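Subject: Structure handover

Hi,

My notes on what I found follow below it.

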Amino acid sequence: MTNSQPAAQRSFPVTLLLCFLLGGLGVHRFYTGYIGLGILQLLTAGGCGIWYLIDLISIIFNKYKDADGQELTGYNQNIGYGVLIVLALIIIICYATMMK
């Protein structure tokens with residue numbers, strides 16, 4: 001007997017929040033069903049931050065799909081751009097603080 005129920009879709013806001021706050025630990029990968037990649041990100045601190053940024057940008061621009069190949073539900077471009085602005089401000093503030 002086969003199960004014909006579609007896989008549960010993952011949420012854009014949840015994935016974005018997990019990636020933004022805990023992306024270096026790969027938590028968003030675990031949430032979206034990429035267990036192996038989540039473990040790899042956990043062990044490499046998000047690919048030394050590079051993999052984390054690539055994932056964050058792909059989520060913001062709605063290019064990230066879950067392990068079943070489904071798009072994330074509840075995509076909101078304004079939320080994505082808001083997170084991108086906050087990230088840019090954090091980087092600018094950190095840079096300015098280091099230059100003092």
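Start with helix α5, residues 50-60. Its buried residues are Y52, D55, L56, S58, I59 and I60. Keep in mind that this is a predicted model.

What covers those buried residues? The cover includes α1 (12-22), α2 (27-31), α3 (35-43), α4 (45-48) and α6 (77-98). Just past the end of α5, N62 takes a positive phi of about 60°.

Next, the core. The largest nonpolar core has eleven residues. The biggest share comes from α5, with four residues.

Setting aside neighbours within four places in sequence, Y64 touches T15, H28, R29, T32, Y34, D55, S58, I59 and L72.

Now the packing of α1 on α5. Their axes come within 10 Å and cross at roughly 155°. An angle over 145 degrees counts as roughly antiparallel, so α1 and α5 are roughly antiparallel to each other. The crossing is left-handed.

Which residues make the contact between α1 and α5? On the α1 side they are F12, T15, L16, C19 and F20. On the α5 side they are Y52, D55, L56, I59 and I60. By type, the contact divides into eight nonpolar residues, one polar and one charged.

Most residues other than glycine have a negative phi. A45 has a positive phi of about 55°, although it is not a glycine. A45 sits in helix α4. C48 also has a positive phi, near 55°, and is not a glycine either. C48 lies in helix α4 too.

C48 has a relative accessible area of 70%, so C48 is exposed.

That covers my notes.

Best wishes

Technical notes
Residues numbered from 1 in each chain as written. Predicted model: local features only at pLDDT ≥ 70, side-chain atom pairs only at ≥ 80, totals over all residues. Heavy atoms only, no water. Buried < 20%, exposed > 50% of the residue type's maximum accessible area, 1.4 Å probe, protein only. Helix = DSSP H or I, 4+ residues; strand = E, 2+ residues; numbered from the N terminus. Contact = heavy atoms within 4.5 Å. Core = buried A, V, L, I, M, F, W, Y, C linked by side-chain atoms within 4.5 Å. Axes fitted to C-alpha atoms, helices over the stretch in contact; angles between N-to-C directions. Parallel < 35°, antiparallel > 145°, perpendicular 65-115°, else oblique. Left-handed = near helix turned anticlockwise from the far one by under 90°. Nonpolar A, V, L, I, M, F, W, Y, C, P; charged D, E, K, R; others polar.
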